[in-house]
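Good morning, and thank you for coming. Please look at the structure on the screen while I go through some of its features.

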Amino acid sequence: MMFLDTLSRFLPARSNYLVLSRFKHVQAARYKRSIKGNKPLTYEMAGPPHTIAHIKGWNSWNTCNMLDGLRPAETAIDDEFIRRFITGTWHDLIASEIIIKRQHNIIRIAAITVQKISVTKIYFLIGYTEELLSYWLQCPIKLELQTVEDRTAVVFKYI
Amino acid sequence: MLTNYRTAFLRKSNETIQLYRLSTNTLEKSSSSGIKIDIPKYKNRTSTDILKAISSTIQRDPTAAHFKYHDDPYLIPVSNFQKRAYALSQESGRKAAHWIRNQHPELFNHKVAFPPIEKFYPKVVYDENCELDENELKIIIEKATVSDAITVYNLLKKKDIEISSDTQQSLLELVCFYNNQDDLEEDWIEERWYTQANKDREEYRNTWKSNGFAMTLFSTIKSPNSHHYSIIIQGMAKYNQFEEAYKLYKEANEKGFILSTNAYNSAIKTAVYVKEGADHKWLHIQEILTQMCNSGVPMNLSTLNSILNVLTTMAINSESKKYALKTIAEAKQFDIEPCLASYYYLLQIFCADRKNKSTILVDILNLIEEKSLIIKDLADTNFFTAAMENCRYHLQNVDVALRVHSVLLKGKNYNLIGDSYRESVYYRHFFAILCQNESVEFLMKYYNDLVPHIYIPEPTITELIVKTLNVAAAVELYPKIWSDILMFDQADREPIITELIDGMAQNLFPSFEQSIKEKLSLLSGTIYDAIEERKETGKIKMSWTGTMLGNLIKVCLFGDNINKATEIIVKLHKNQNEIIGIPDSQTIASFVDYCIENNYFNELLKCIEYSLEVNYLELDDFISKILTNMTLSAMQRAHLSKLVGTEHYVEIENKIEFVSS
């Protein structure tokens, strides 16, 4: 707000209005209310970004963006790759965000899946995902899955 | 989670700092008083020592599934079949990924990891376009990939590149050790764990590839020396090509070569097939041993094991025990300590005779109890299973069995259990002996500990456990055992169900508290429902027997569960064709009595209807009992007479009047 105050002192009224309106209408990572109010949101989706570290956590846990952190850009790309790979491999099975945690050289990937396919198939996919991602990212990968009976189990609220 | 760890870590580090401060203080004081500090010698640690130390603080948690399974209720296996299927599914997924990488090796050549990790890169394919030299071959031999080594060797030959005799020898060693084919890769742990059961069947079957690469390589060597002979003899003996091995051994002997100790050991093993009869076998062994002695080749552990191995094949001969002891004594002179494999052979030699019981296992236990064991021979993994089997069939002694078990759990000895097949055989024997000899409390202590995550009882063992519960009248454990039976998919095993229901019906004591009575009757209701449900979906094909249902009725009545009892009676009546036999008349009598006592007329009618159909001898007694002991309305009387048949009804009524007058 300090910044906006100084800004309004220098700028004419019209621009001032524009800046404020941008500030108010941030849309990123906020879900739009549906007309019928029946859009399901998970707990993670329900919190807008400023609630991270207050009521919800990060989706990627690593130290790349800290001071002297290594490979920040590559890590971001890798994370995106992992997310796309998993949502594609586990087609229509992932019911939550994919949380990627990096510790030393290990990447732990956590998610909630739906119990739609048989357990043996789930195990097959676990083995496949872990192994192929290991080959790709060249480090040990561990999947940490929880299962729910259906998607409604992870709905936090409807908007 | 993470923050928890962090605080714990901080706390820990604070403590260490404090400790450090304290120690520095004391050090200063002590040094001022002139005491010399002994700095311990620096110990060389390898890179994994810390990991090993950490892992030694963790024990197997019996309440959780094995860590190879995912920690989620939906994903945890509950039966032997599921355990196997899940573990192998995961591995097959890994294999799929492996296949994809090998199909598209060009996609996986990027190098992210530093230092580079070989395991993550696709396999190198060797063909004629590769720049190859002897060093490459050496590296491949070091990696022990047999098929690659053979291709590279052939390529080098084609290009007329000279190969030194050392490399040639190590290649021969490699192909002989693996019998010309790639071994199952180290990565496929589950496949190893679950498939080795078949290997037992291959014992003594000749699997040596007689026209394989090893033989060609051996024949291309112009003047094979003693090393080459030693290697090929060992390879042949390892894969049970005994005759050829013995032939080569003789050939080497004629040429006056001194073979390696292990080659002599392999030659000893050939006695199993080459010679027949105990005397000839022993002569064969003696011959080779004198040969070794003359050549100045010392014996080693595997010499001892090979001799004992041959002796097991002639264990019926009374001399073999003497020979075995002699061999052990001889080995002791050379400071050779027998390993588990030797003990395994000893067990086989000494306990072959079922009549003369030998307590050699106790002596063996006395020796190994204090030691931490490591694997020294492939046959080491047979020991624990054999020892437990010995306890069950030979010694029939539960104390010895417990001692064997405590040895198994000590240190890292559990690694010597072998594979899943041997493990389950081990526990099968263990539970069988616990069932035979110990109290229910004792049995349940182990049962709660080991079942279901470490061991899931086979149907025969479940039956034994149920029998033990029956004998001990441990009625409070029936619900638990029933839910376990359901969980292990054993509800379709007729002997188990019969045993369980029989046991329940026999252990009904009027002195039980009402709550236990109710629980039992509820349980019999659930058993009936669960089996019915599974029969409908086709999961269980077992058919009911009259005795089973009769027993269920008894238990239901015992806990005042009249509704279920009537349901079963109706079931008996309706499905007479499918049910084998009929419940005994006593059960029906007790049902009638119960109804009379509590004035359940409708239920009573259903029972009488069924008894009429079956035509029990005591039918008249039942009806007269009803008429005398129950106050019936006119309507009810009419109902009953219609059911029984008016003439017969009047007959019975008259009889009663006659008796009472």
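Predicted model: local features only at pLDDT ≥ 70, side-chain atom pairs only at ≥ 80, totals over all residues.

B:Lys371 has a relative accessibility of 31%, so this lysine counts as partly exposed. The side chain of B:Lys371 meets that of B:Glu337 in a salt bridge, with a distance of 2.7 Å from N to O. B:Glu337 lies in the loop between helix H15 (319–333) and helix H16 (340–350) of chain B, while B:Lys371 lies in the loop between helix H17 (360–368) and helix H18 (383–395) of chain B, so the pair ties together parts 34 residues apart in sequence. B:Glu337 is partly exposed as well, at 43% relative accessibility.

Over all chains, the structure holds 26 salt bridges. Let me take two further examples from chain B. In one of them, B:Arg428 pairs with B:Glu458, and the closest N and O atoms are 3.4 Å apart. How does burial compare for the two partners, buried or partly exposed? B:Arg428 is partly exposed, with a relative accessible area of 27%, whereas B:Glu458 counts as buried at 13% relative accessibility.

In the other example, the side chains of B:Lys571 and B:Glu532 meet in a salt bridge of 3.1 Å, N to O. Here B:Lys571 sits in helix H27 (residues 562–574) of chain B and B:Glu532 in helix H25 of chain B, so parts 39 residues apart in sequence are tied together. Both B:Lys571 and B:Glu532 are buried. In chain A, a network of salt bridges links A:Asp92, A:Lys116 and A:Arg151.

I turn now to the place where the two chains meet. In contact there are 30 residues of chain B and 29 residues of chain A. The area buried between chain B and chain A is about 2600 Å², and carbon and sulfur atoms give 63% of this area. Which residues of chain B lose the most area to chain A? They are B:His70, B:Tyr74 and B:Phe120, which together account for 26% of what that side buries.

Between chain B and chain A the count is 1 salt bridge. It is formed by the side chains of B:Arg94 and A:Glu131, at 3.0 Å from N to O. There are also 12 residue pairs in polar contact between chain B and chain A, both residues being at pLDDT 80 or more. On the side of chain B that touches chain A, helix H3 (residues 80–103) of chain B gives the most, with 12 residues. By class, that side of chain B has 16 nonpolar, 7 polar and 7 charged residues.

Next, a helix within chain B. In helix H23 (residues 478–487) of chain B, the residues B:Tyr478, B:Ile481, B:Trp482, B:Asp484 and B:Ile485 are buried. Why do these buried residues line one face of the helix? Seen down the axis of H23(B), they fall within an arc of 160°, so they line one face. Just after H23(B), B:Asp489 takes a positive phi of about 60°.

B:Gln168 is found in helix H6 (residues 165–178) of chain B and counts as buried at 16% relative accessibility. Its side chain joins that of B:Tyr153 in a polar contact of 3.4 Å. Leaving aside residues up to four places away in sequence, B:Gln168 touches B:Tyr153, B:Ile163, B:Leu217 and B:Ile221.

Finally, some details of the backbone. The peptide bond from B:Phe114 to B:Pro115 is cis, with omega near 0°, and B:Pro115 lies in the loop between H3 and helix H4 (134–143) of chain B. A cis peptide bond also joins B:Val451 and B:Pro452, with B:Pro452 in the loop between H21 and H22 of chain B. In chain A, A:Arg71 has a positive phi, near 50°, and lies in the loop between strand E2 (60–61) and helix H4 (72–89) of chain A.

Methods
Residues numbered from 1 in each chain as written. Chains lettered and ligands numbered in written order. Heavy atoms only, no water. Contact = heavy atoms within 4.5 Å. Buried area = accessible area lost by both parts, 1.4 Å probe. Salt bridge = Lys/Arg side-chain N within 4 Å of Asp/Glu carboxyl O. Polar contact = N/O pair within 3.5 Å; in protein donor to acceptor, adjacent residues only side chain to side chain. Helix = DSSP H or I, 4+ residues; strand = E, 2+ residues; numbered from the N terminus. Nonpolar A, V, L, I, M, F, W, Y, C, P; charged D, E, K, R; others polar. Buried < 20%, exposed > 50% of the residue type's maximum accessible area, 1.4 Å probe, protein only. Arc of directions from axis to C-beta.
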